[in-house]
Amino acid sequence: MTKRGTVSTNNIILTFDSTDLPSEIRVGYVKVRVRPFVPAPMRCFRCQRFGHTKDNCRGRPTCSKCASQDHTDETCDSETPRCVNCGEGQTPHSAYDRSCPAYVKEKEIMTIKATRNLPFKEAREVYNQSHPKTSYAQKEALRRGEEERKAREARRARLVQKALEAKEASSADSASGSRKQGARAAAGGSALPDLRSQEEVQTFFLQEVQLGEELLAQGNMEDGVEHLCNAVAVCHQPQQLLQVLQQTVPPQVFQLLLQRLPLAGQRLAASAAAKESASITEDDVE
Ligand SMILES: [Zn+2]
Ligand SMILES: [Zn+2]
Ligand SMILES: [Zn+2]
């Protein structure tokens, strides 16, 4: 059975009137093995994209060798192949290369379509589900994001731990009567920043806001308010922060915050004065 321009392959294509493919059929007395027919992916010879032919092409004519749009492969004199279907970061290849990742993908979809007897769209969905679309860069970003999140959580846990320890220490102090509330020099467990260092103030501010929210979320109103007070005290625009807090924390927490705020301010001023005089002393020594 050969026609002019065709090749004999010992294969015949049959269409079965059922959704399940038999593993073999009988032709006379001979058993013949049946395999699903997987057609090659259809690549357009005009725009080089997959899924349509040049007769239905609505794309721009593109060189299959170098992906340029101002000539075809017949007049191409490019030294380096480039595939219009693949992004950068792959081994350079032409659009007709059988190792092209886009071709390999299309081929896999065609295989799913044939073996599972699915429409093309569903076969593509099956493929996409088993090949989540994450590039190396995205995976890397995800991995780093995850690490950062873990580091942030660990840092928070440490801060909360420190605050709880400080709280225990200060309540032990007050039990022995040696210190009163105003003498809680460590400001709820946090060392006060050097107000002359913008960086230190910024770090302190963020830490206190986070810690305050964390403690409030745990139901520890006293310490939560203490830390939020610290944040407000070092804030350049305390009114703005107070407005935000008023909208986000429960009213009784906000009331307590307003009550405690002057004390936090005094503590900060006292600490600044102490650091100032300490540094003057240092300067004198030098
Ligand atoms: Zn096309
Ligand atoms: Zn070209
Ligand atoms: Zn390619």
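What percentage of the 286 residues of the protein chain count as buried? In this predicted model, the share of residues that count as buried is 17%. The secondary structure of the chain consists of seven helices and two strands. Read from the N terminus, the order of these elements is β-β-α-α-α-α-α-α-α. Among the contacts in the chain with a separation of 6 or more, 38% are accounted for by residues 24 or more positions apart.

The mean pLDDT is 81, and 84% of the residues reach 70 or more. Helix H1, spanning residues 101-116, has the highest confidence, at a mean of 91, whereas helix H3, spanning residues 136-176, has the lowest, at 69. Over residues 177-186, pLDDT stays under 50. For this stretch, the model has seven contacts beyond four places in sequence. Where pLDDT is low, the predicted coordinates should not be read in detail.

Two helix pairs are described next. Packing of two helices is described by the angle between their axes and the distance between those axes. Helix H1 packs with helix H2 (residues 120-130) at an angle of about 115°, and the two axes are 8 Å apart. The crossing of H1 and H2 is right-handed. On the H1 side, the contact is formed by Glu-108, Ile-109, Ile-112, Lys-113 and Arg-116. These residues meet Phe-120, Ala-123, Arg-124, Val-126 and Tyr-127 of H2. By class, the contact of H1 with H2 comprises six nonpolar and four charged residues, with no polar ones.

The second pair is formed by helix H5 (residues 221-234) and helix H6 (residues 238-248), whose axes come within 8 Å and cross at roughly 150°. Angles over 145 degrees count as roughly antiparallel, and H5 and H6 are therefore roughly antiparallel to each other. The crossing of H5 and H6 is right-handed. In this pair, Leu-228, Ala-231 and Val-232 are the H5 residues in contact, and their partners in H6 are Pro-238, Leu-241, Leu-242 and Leu-245. The contact of H5 with H6 contains seven nonpolar residues, and neither polar nor charged residues are present in it. The contact of H1 with H2, by contrast, includes four charged residues.

Conventions: Residues numbered from 1 in each chain as written. Chains lettered and ligands numbered in written order. Predicted model: local features only at pLDDT ≥ 70, side-chain atom pairs only at ≥ 80, totals over all residues. pLDDT = per-residue confidence, 0-100. Helix = DSSP H or I, 4+ residues; strand = E, 2+ residues; numbered from the N terminus. Contact = placed C-beta atoms within 7 Å. Buried ≥ 20, exposed ≤ 12 C-beta atoms within 10 Å, placed from the backbone. Axes fitted to C-alpha atoms, helices over the stretch in contact; angles between N-to-C directions. Parallel < 35°, antiparallel > 145°, perpendicular 65-115°, else oblique. Left-handed = near helix turned anticlockwise from the far one by under 90°. Nonpolar A, V, L, I, M, F, W, Y, C, P; charged D, E, K, R; others polar.
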